[in-house]
Amino acid sequence: MMSGCSSCNRNATNSNSEVNANVAAESSFANITDANVALAEGTRLLDENQTELAIEAFRQAVKINPELAEGWFQLGIAYALLEMQLERSGEYSAPASNSKEGVKKTNSEKAFEKAVETYKKWLKANPNDDAAQFNLGRTYAKLNKDEEAEEAFREAVELKPEDTEYQTELGAVLIKLAKYREAIDPLKKAVALDESNSRAIDLLEDAEAGRQRLDYVPPKNTNSSSANTSANTTANANANSKPNSNSNQKPSDGNTKPQKDEVKKPAQSSNRPR
């Protein structure tokens with residue numbers, strides 16, 4: 001009996017500790033009334049690998065300002081990290097699909113979709129905001145919507161072609177879409193803008209290798225073709241000769257020679273996420 005009670009007490013204590021920790025986390029950010037301050041705090045915590053606290057800070061940021069696109073994007077990043085950590089530890093599995101509701105979305109997907117919504121709303125009023133276009137492209141990429149990401153990155157590059165990061169991300173998504181030839185030009189520009197851009201250098205090698213694979217034409221099997229031609233020629237020659245049983249003349253030896261085969265910077269609510 002004592003053992004059972006002790007176990008109950010320990011479980012109750014652990015449960016209360018978790019609740020108190022969550023309440024403490026929420027209350028510490030509830031005092032923040034500036035969305036940008038909450039966003040900065042969340043970014044700091046994320047950099048320090050305090051993912052769950054970072055999530056609370058980002059939630060506070062978008063609660064204060066639901067139109068803060070970067071807040072939604074960073075919230076998606078934090079949720080994605082947490083989901084990955086829990087999945088690796090066996091404590092989390094992706095939501096199961098429901099025949100009535102379809103595939104359920106993860107918290108990270110919901111946050112990224114909200115980021116897309118707010119970035120697009122911002123860009124409707126500020127179409128020349130290159131950073132917002134770039135961040136929209138990154139958000140689409142997180143949702144694996146590569147065609148939409150390509151379009152957004154192209155807009156960002158057009159607005160600010162001298163940005164090596166913009167050129168790099170455009171090249172990266174083009175490679176993902178197997179558009180290797182198109183990826184080469186922006187990646188070359190990215191390297192020209194910043195010779196230390198190792199990611200662009202590696203991606204450029206991938207793009208050139210992909211183009212070579214597409215342009216490769218395997219050689220024809222000339223040995224097999226010649227052998228077949230020779231055999232056919234010999235057969236035809238033998239068929240056309242008229243052997244005479246009383247003659248010592250040899251049949252044609254088929255000396256006909258076979259022919260050989262003939263053998264390509266941003267406005268406030270759209271700061272670039274770290």
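Trainee: Are α6 and α7 roughly parallel or roughly antiparallel to each other?
Mentor: In this predicted model, the axes of helix α6 (residues 130-142) and helix α7 (residues 146-159) come within 8 Å and cross at roughly 160°. Axes are lines fitted to C-alpha atoms, for helices over the stretch in contact, and angles run from 0 to 180 degrees between N-to-C directions; helices are DSSP runs (H or I, at least four residues) numbered from the N terminus. Angles under 35 degrees count as roughly parallel, over 145 as roughly antiparallel, 65 to 115 as roughly perpendicular and the rest as oblique. So α6 and α7 come out roughly antiparallel.

Trainee: What pLDDT do side-chain atom pairs need to count?
Mentor: Residues are numbered from 1 along each chain as its sequence is written, and side-chain values use heavy atoms, leaving out hydrogens and water. Local features need pLDDT of at least 70, totals for chains, interfaces and linings use all residues, and side-chain atom pairs count only at pLDDT 80 or more.

Trainee: How many charged residues does the contact of α6 with α7 have?
Mentor: Contact means heavy atoms within 4.5 Å, and on the α6 side the residues include F134, L136 and Y140, meeting A152, F153 and L159 among others in α7. By class (Ala, Val, Leu, Ile, Met, Phe, Trp, Tyr, Cys and Pro nonpolar; Asp, Glu, Lys and Arg charged; the others, Gly among them, polar), there are 9 nonpolar and 2 polar residues, and the charged ones number 4.

Trainee: How far apart are the axes of α8 and α10?
Mentor: Helix α8 (residues 164-176) packs on helix α10 (residues 198-215) at an angle of about 30°. That makes α8 roughly parallel to α10. As for the distance, their axes are apart by 10 Å.

Trainee: Is E150 buried or exposed?
Mentor: E150 meets R154 in a salt bridge (3.0 Å, N to O), that is, a side-chain nitrogen of Lys or Arg within 4 Å of a carboxyl oxygen of Asp or Glu. Both residues lie in helix α7, 4 residues apart, about one turn of the helix. Buried means under 20% relative accessible area, exposed over 50%, partly exposed in between (1.4 Å probe, protein chains only). R154 is partly exposed at 35%, whereas E150, at 9%, is buried.

Trainee: Which residues do salt bridges with shared partners join to E150 and R154?
Mentor: Elsewhere, D163 pairs with K160 at 3.9 Å, and both are buried. Shared partners link E150 and R154 into one network with K179 and E182.

Definitions and conventions. Helix = DSSP H or I, 4+ residues; strand = E, 2+ residues; numbered from the N terminus.
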